[in-house]
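Colleague: I have a new model to look at and some questions about it. Could you take me through them, step by step?

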Amino acid sequence: MASPSLLVLSMILILHSILSMASASLSCVLQCESEVNMRLYLHQIAAGPGINQVAIVTSSKPSEFGLTAVTDWTVIDGPNPATATIVARTKGMQVQADVAGPGWFNYFSMVFEKNSRYNGSSFEAMGINFQTGQGQMAIMGGTGEFAMARGIIKYYALTNPPTFQTIKELNIHAFYVKASDTTSGATIQ
């Protein structure tokens, strides 16, 4: 009779073989992924010149529960909007989703500008913002350079932004599959 450790090793090898046949990408979970870390800045303008969010559903509730806005926030490469370059835009929505408020649920596509290193690639992100000055959002996908991305965006609100504006430092940490690795596999006919 085989020893317990030999049985466990055999089971692991059989399971790995089965998973490898089921999907080629499962056989290289770590080897075919790339990692990216970025520090960028999200620039929100709620009113005045350059406004980049608009309420589309208003609310009569005390906490504005249900208020919904469409966003096209800029993402810049430095904390000063006057001197920074726009590298991406976050196109999406935010909903006041906390009855006691404030608790904004955000979901957006962070689409990199054509003139940036990541030319047209995107991250898909969502998360809740309790207006505490810091928080996290999940990266749940991506396109282009960031195909099948997963990761996290940690954000910190900078102090003393211009009136009706918010500037958040974004610390982005993501894993993604390089574009050349997403083309293998069976073709559907």
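Colleague: Where is Glu64 placed, and is Glu64 buried, partly exposed or exposed?

Modeller: Keep in mind that this is a predicted model. Glu64 is in the loop between β2 and β3 (68–76). Its phi is positive, about 60°, although Glu64 is not a glycine. Buried would need under 20% relative accessible area, and exposed over 50%. Glu64 has 38%, so Glu64 is partly exposed.

Colleague: Which loop holds Met148, and is Met148 buried or exposed?

Modeller: Met148 is another residue other than glycine with a positive phi, near 55°. Its place is the loop between β7 and β8. The relative accessibility of Met148 is 51%, so Met148 counts as exposed.

Colleague: What kind of peptide bond joins Gly101 and Pro102?

Modeller: Start with the place: Pro102 is in the loop between β4 (86–96) and β5. Omega between Gly101 and Pro102 is about -15°. The bond is cis.

Colleague: How do the rings of Phe112 and Phe123 pair, stacked or edge-to-face?

Modeller: The whole structure has 7 aromatic pairs. In the pair of Phe112 and Phe123, the ring centres are 6.1 Å apart and the planes are at 75°. Planes over 60 degrees apart count as edge-to-face. So this pair of Phe112 and Phe123 is edge-to-face.

Colleague: How many residues apart are Phe112 and Phe123?

Modeller: Phe112 is in strand β5 (residues 104–112). Phe123 is in strand β6 (residues 122–129). Phe112 is buried, at 4% relative accessibility, and Phe123 is buried too, at 0%.

Colleague: How do the rings of Phe123 and Phe146 pair, stacked or edge-to-face?

Modeller: Their centres are 4.2 Å apart, with the planes at 20°. The pair links strand β6 to the loop between β7 (134–143) and β8 (150–157), 23 residues apart. Phe146 is buried, at 0% relative accessibility. Planes at 20° make the pair of Phe123 and Phe146 stacked.

Colleague: Which residues do ring pairs link into a cluster?

Modeller: Phe123 pairs with Phe112 and with Phe146. The cluster also takes in two tyrosines. Its members are Phe112, Tyr118, Phe123, Phe146 and Tyr176.

Colleague: Which ring does the charged end of Lys168 sit over?

Modeller: Look at the charged end and the ring centre: they are 5.0 Å apart. The ring belongs to Tyr155.

Colleague: How many residues apart in sequence are Arg39 and Glu169?

Modeller: The structure holds 4 salt bridges. In one of them, Arg39 meets Glu169, with the closest N and O atoms 3.3 Å apart. Arg39 lies in strand β1 and Glu169 in strand β9 (residues 165–177), so the pair ties together parts separated in sequence by 130 residues.

Colleague: Which strands does the salt bridge of Arg150 and Glu33 link?

Modeller: The two side chains meet at 2.8 Å, N to O. Arg150 is partly exposed, with a relative accessible area of 40%. The partners are 117 residues apart, and the strands are β8 for Arg150 and β1 for Glu33.

Colleague: Which strand gives the most to the nonpolar patch?

Modeller: The patch is on the surface, formed by Ile51, Val54, Ile56, Val57 and Val70, with about 400 Å² of accessible area together. Ile51 is in the loop between β1 (33–45) and β2. Ile51 counts as partly exposed, at 43% relative accessibility. The top contributor, with 3 residues, is strand β2.

Key: Residues are numbered from 1 along each chain as its sequence is written. This is a predicted model: local features need pLDDT of at least 70, side-chain atom pairs count only at pLDDT 80 or more; totals for chains, interfaces and linings use all residues. Side-chain values use heavy atoms; hydrogens and water are left out. Patches are made of residues with over 30% relative accessible area and no salt bridge: like charges are joined within 9 Å, nonpolar side chains (Val, Leu, Ile, Met, Phe, Trp, Tyr) within 5 Å. Accessible areas come from the Shrake-Rupley method with a 1.4 Å probe; for residues, only the protein chains shown count as cover. Helices (H or I, at least four residues) and strands (E, at least two) are DSSP runs, numbered from the N terminus. Buried means under 20% relative accessible area, exposed over 50%, partly exposed in between (1.4 Å probe, protein chains only). Rings of Phe, Tyr and Trp (its six-membered ring) pair if their centres lie within 6.5 Å; planes under 30 degrees apart count as stacked, over 60 as edge-to-face and the rest as tilted. A charge sits over a ring if NZ of Lys or CZ of Arg is within 6 Å of the ring centre and within 35 degrees of the ring normal.
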